[in-house]
Amino acid sequence: MKRILLIALSVIAFAACTKKDNEDTKHPKELQGTWVYENSKLPDGKLFTEIITSKQMQCAKENKYIFYGEFFTSEEHTLKGDDCEKKNATVKYFVENSKLCLQGANGVVLKAYDIVSITPTQFIFKYDNEFKAFLRSQIPYDPTLKEKGYTIDDILNVTITYRKQ
């Protein structure tokens with residue numbers, strides 16, 4: 001009887017230490033939901049609000065990220081003339097080695113963001129080197145950045161904070 005009890009306790013202890021089958025580390029539950037833009041900090045500690053116009057900042061504050069299941073929707077707003085232009089994109093995503101990876105419709109995976117931290121109320125990330133290279137090719141030259149003492153690389157090394165809505 002003692003032997004059976006000892007075996008049963010060993011099985012229970014082993015089962016308690018194994019990873020749960022339903023635990024999804026590629027789509028963390030902490031990310032699920034809607035995230036709204038809070039702020040962006042440059043490498044020197046300055047906030048974006050200190051170097052961009054109030055109209056540009058107004059557009060940035062409308063940005064949202066939505067995580068649901070294995071899908072990621074970005075709702076990003078950029079200033080075009082006097083209006084905020086909205087662009088939506090939905091792709092599959094997964095998290096691997098503290099990187100938020102986005103999978104395009106063609107199956108190509110872009111390791112887009114380095115996750116700095118995720119809490120139930122805050123998501124902080126940086127652009128991954130691969131994504132920075134892509135963005136660098138897409139961002140037009142802006143002489144006002146140089147006037148303020150910044151380069152495109154400074155801007156791409158920003159830390160971005162979103163809060164849970």
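Predicted model: local features only at pLDDT ≥ 70, side-chain atom pairs only at ≥ 80, totals over all residues.
1. Let's begin with the strand pairing. Glutamine 103 has valine 109 in E6 as its bridge partner. That contact belongs to an antiparallel pairing in which five bridges join E5 to strand E6, residues 109-118. The two strands make a hairpin with five residues between them.

2. Strand E4 (residues 83-96) and strand E5 (residues 99-103) run antiparallel and are joined by five bridges. Within this part, tyrosine 93 stands opposite leucine 102 in E5. The hairpin of E4 and E5 has two residues between the strands, and asparagine 97 takes a positive phi near 50 degrees.

3. Now the sulfurs. How many disulfides does a search of the whole structure find? It finds one. This disulfide joins cysteine 59 to cysteine 84, with an S to S distance of 1.9 Å. The link of cysteine 59 and cysteine 84 is left-handed, at -95 degrees about the S-S bond. Distant parts of the chain are linked this way: cysteine 59 sits in helix H2 (residues 54-60) and cysteine 84 in strand E4, 25 residues apart.

4. Are the cysteines buried or exposed? Cysteine 59 is buried, at a relative accessible area of 1%. Cysteine 101 counts as buried, at 0% relative accessibility.

5. Next, the aromatics. The structure holds 17 aromatic pairs. One of them is formed by phenylalanine 123 and phenylalanine 125: the distance is 5.1 Å centre to centre, the planes are 35 degrees apart, and the pair is tilted. Phenylalanine 123 is buried, with a relative accessible area of 1%, and phenylalanine 125 is buried too, at 0%.

6. Phenylalanine 125 also pairs with tyrosine 162. Their ring centres are 5.8 Å apart and their planes are at 25 degrees, so this pair is stacked. Why does the pair tie together separate parts of the sequence? Because phenylalanine 125 lies in strand E7 (residues 122-127) and tyrosine 162 in strand E8 (residues 159-164), the parts it ties together are 37 residues apart in sequence. Tyrosine 162 is buried as well, with a relative accessible area of 2%.

7. The largest pocket holds about 1,700 Å³ of space. It is lined by 46 residues. Which of them lie nearest its centre? Those are Glu76, His77, Thr78, Tyr127 and Ile139.

8. Where does the largest share of that lining come from? Strand E3 (residues 71-80) provides it, with seven residues. Sorted by class, the lining of the largest pocket has 30 nonpolar, ten polar and six charged residues.

Terms used. Residues numbered from 1 in each chain as written. Heavy atoms only, no water. 1 Å grid on protein atoms, 1.4 Å probe; cavity = no way out; pocket = protein on both sides within 12 Å on 5 of 7 lines; lining within 4 Å. Points joined across faces, edges and corners; volume = space filled by probe spheres on them. Helix = DSSP H or I, 4+ residues; strand = E, 2+ residues; numbered from the N terminus. Nonpolar A, V, L, I, M, F, W, Y, C, P; charged D, E, K, R; others polar. Phe/Tyr/Trp six-rings, centres within 6.5 Å; stacked < 30°, edge-to-face > 60°. Buried < 20%, exposed > 50% of the residue type's maximum accessible area, 1.4 Å probe, protein only. Pairing = 2+ DSSP bridges. Disulfide = S-S within 2.5 Å.
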